[in-house]
Structures are given as C-alpha cells and as structure tokens.
Amino acid sequence: MARLELRPKDGRLLAVALLLIVLLTIYVFGVHWWFVSPHLEFYGQMDDLREQQQRYARVISERPTIEQKLAEVRAYEQGNQAFLAEPDANAASAGLITRLRQAQTDQSDPKRCSVVSNTPYSGGQEERYKQVVVQARLRCDLESLAAILYDLENGKPYLFIDQLMIYKQQTYVPPGAKRVASPLDVRFNLSGYLREPGKEVP
C-alpha cells in the first residue's frame, strides 16, 4: 500500500484553509449574525421610511391642487340641476306632486286627463342618493298620457317613471249608440333624488 506523504507546503495550505474556514465561521456566527445583519435590516427600514416620507411630501405639496379640485366638485354639485331642489323628503314629495299636476295641466285638457290620486311612498331600496317617490294614479286617454310622461321625464330636475301599469276600462255601450273611447286607468311611481347622500351601498 502506497504511503501518502505530506510536504511542508501542503501542510501550510491546509492550515491556511482551516484558518479561513474557522475565521469565516466566527464571522458568520459571531459577527454577521449579531451585528451586521441587524444593521442591514435597520438600513433597509430606513430606506423604506425615507421613500414613504418622500411620497407623503409629494402628496402634501399637491394639497392645494386637490383642495381646489374638491371645491370645484362641490360647486358643481351645488349647481347641478339633476337633483331635486327641496332640502328634505317631505318638501320634495310635495314638489313632485306639484310637478305632476303642472304637467297634467300643461299637456292635456282636464276633460281628457285627470289626476285621481298621488301619495308619497317611503319604501324602496337604499341607494347612494336618497330617493323620493310619489305613487300616482291618472285617468287619461293615450295621447294625453304620452305627452305628460314625456314632459316629466325630459325636464330638470331629472324625474323617473317606473312601475307603470295601464288598465283599459270596459264600458257598456248600448246597441246603436256611438262608441266613445274610454279613458285609461294609469298607475306609476314618479321619483327623483335629493342632493344629500343616502346610505352607503356595498
């Protein structure tokens, strides 16, 4: 069996390698883990905080512009004629009833169309803006009804008509008598929105 002989030069290289391994181990477990690593983490946190500070500084510098934009939006909302002008639901309901009667007066002959009833309605789903609803019942011929509905839905503030139901009344006509068109029994909800926000809708 051949005998392995180590020369002095090989012994020095091995000793240097072992010394480097020992020093590296001491550095990793004795210096880096306890001193260097916490400092590196601390510097990383400082960089994050510095970046956040710069971002907040940019936002703060833009504050006058943002406040100006908000003021413009508020001014626009105050002047927006899409909403009902009244300050509360009761006044808005009265306004809707007045608007309905005005449309009936402007667009039809009282003999051809009449408002039978109008009642404020407080039900319905919650929406982003507070909705005011009036349940209306009219007795009209078709031409007058079309003119009234068009007038209500194409003015300002914006009004909406839904739950529209039309019933044709049957009347007895004696034999030989002239048939006259019967008025339609019309029922619908007339609604609009107050300027004040309602509940938040998810």
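**View 1. Contacts across the chain of this predicted model.** Residues 24 or more positions apart make up 69% of the chain's contacts with a separation of 6 or more, a contact being heavy atoms within 4.5 Å. This is a predicted model, in which local features need pLDDT of at least 70 and side-chain atom pairs count only at pLDDT 80 or more, while totals for chains, interfaces and linings use all residues. Residues are numbered from 1 along each chain as its sequence is written, and side-chain values use heavy atoms, with hydrogens and water left out.

**View 2. The largest nonpolar core.** Here 24 residues come together, and Leu100, Leu138, Leu152, Phe188 and Leu190 have the most contacts inside the core. Such a core joins buried Ala, Val, Leu, Ile, Met, Phe, Trp, Tyr and Cys residues through side-chain atoms within 4.5 Å. Buried means under 20% relative accessible area, exposed over 50%, and partly exposed in between (1.4 Å probe, protein chains only).

**View 3. Phe83 and Tyr129.** These rings form a tilted aromatic pair, 4.9 Å centre to centre with 50 degrees between the planes. Rings of Phe, Tyr and Trp (its six-membered ring) pair if their centres lie within 6.5 Å; planes under 30 degrees apart count as stacked, over 60 as edge-to-face and the rest as tilted. Phe83 is buried, at 12% relative accessible area, and Tyr129 is partly exposed, at 29%.
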